[in-house]
2 protein chains.
Amino acid sequence: MADPVAVGKAFTDHYYQTFDTNRSALASLYQDASMLTFEGQQFQGTQAIVEKLTGLPFQSVQHRVVSLDAQPTHAGGLLVFVTGQLLTDGESKPLNFSQVFSLMNAGGSYVRVVGGLMVVVVIYSPLSSLLSPLSSLLSPLSFLTYSPTLCAVQIVTNDLFRLNYG
Amino acid sequence: MADPVAVGKAFTDHYYQTFDTNRSALASLYQDASMLTFEGQQFQGTQAIVEKLTGLPFQSVQHRVVSLDAQPTHAGGLLVFVTGQLLTDGESKPLNFSQVFSLMNAGGSYVRVVGGLMVVVVIYSPLSSLLSPLSSLLSPLSFLTYSPTLCAVQIVTNDLFRLNYG
């Protein structure tokens, strides 16, 4: 795997930029097997997760990442751990937050760029049966991690979020 | 699996109690494949992890858990996410921290209690080859999760720790 922290940073840059500009587009990063625990509330599946995130009671939000750590998992995925600050609706005092993402390559599918064309390479994975058809993962907003010519489509399988009021 | 939050709470009660009273005994909760990221520093394997934890520059510490969330993972493990406060060496101002643990049953091994006797049941798992012999996991300080008669030996595969100074 590429450097875990570099992949984690590319992912969270994309995730928080999407969150802060067009929350509903986060749908492309989750699948039906994904779980979100948001301030102790549990949500499962893309629809329930995106309904929760788009329904949060603020109009504008800005996330700032303070620390980012990442480790590969035994299952071949990536664990990403973020602490940061967020500002909502022009508040001047930021709230501290912590968030954990567990990422998996989507069904072992890869997109190889060959002479400017995208060629999809599907590799067997035990996760395949849990995931939606590949086509839904290839929207322009899907998250791709790059090695020079090979991009893995990453989805969020576990997402846990907490504000730290301390 | 039993209720993820209940298992997570049983684990973290045991982990932080051990941390606060006898840090070196944390060795029983890690294996050679385990990874720790502590304030951005990486450590792999029981020895390196326990050397880091026992070498932290304070004599006494108390952890207090403020929030605990847990989710099952696709790999059959458990992701535990804690925010809390810690006090070192009689300081009166607590430091906020966040910590992530990824737990796996140790090599698919279970301890079944039958008529007051412990009977070890070893079940095949892809992790088996990564783990040390079972005997080392059954010290009195190993962590067991209970269902009525079946206990799974849990180890920490991923551990990520951050202080939040904000």
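Two or more lining residues come from each of strand E5 (95-114) of chain A, strand E5 (95-114) of chain B and strand E8 (150-164) of chain B.

The model is predicted: local features need pLDDT of at least 70 and side-chain atom pairs pLDDT 80 or more, while totals for chains, interfaces and linings use all residues. Residues are numbered from 1 along each chain as its sequence is written, chains are lettered from A and ligands numbered from 1 in the order written, and side-chain values use heavy atoms, without hydrogens and water.

The volume of this cavity is about 140 Å³, and a search of the whole structure finds one cavity of 30 Å³ or more. A cavity is a set of points on a 1 Å grid over the protein atoms alone where a 1.4 Å probe fits but cannot get out, and lining residues have an atom within 4 Å of a point. Points are joined across faces, edges and corners, and the volume is the space filled by probe spheres set on them.

Chain A holds two helices and eight strands, in the order α-β-β-α-β-β-β-β-β-β from the N terminus. These are DSSP runs, with helices (H or I) of at least four residues and strands (E) of at least two, numbered from the N terminus. Of the 166 residues in chain A, 52% are buried, meaning under 20% relative accessible area with a 1.4 Å probe, protein chains only.

Note on methods: On a 1 Å grid over the protein atoms alone, a cavity is a set of points where a 1.4 Å probe fits but cannot get out, and a pocket is an open set with protein on both sides within 12 Å along at least five of seven lines; lining residues have an atom within 4 Å of a point. Buried means under 20% relative accessible area, exposed over 50%, partly exposed in between (1.4 Å probe, protein chains only).
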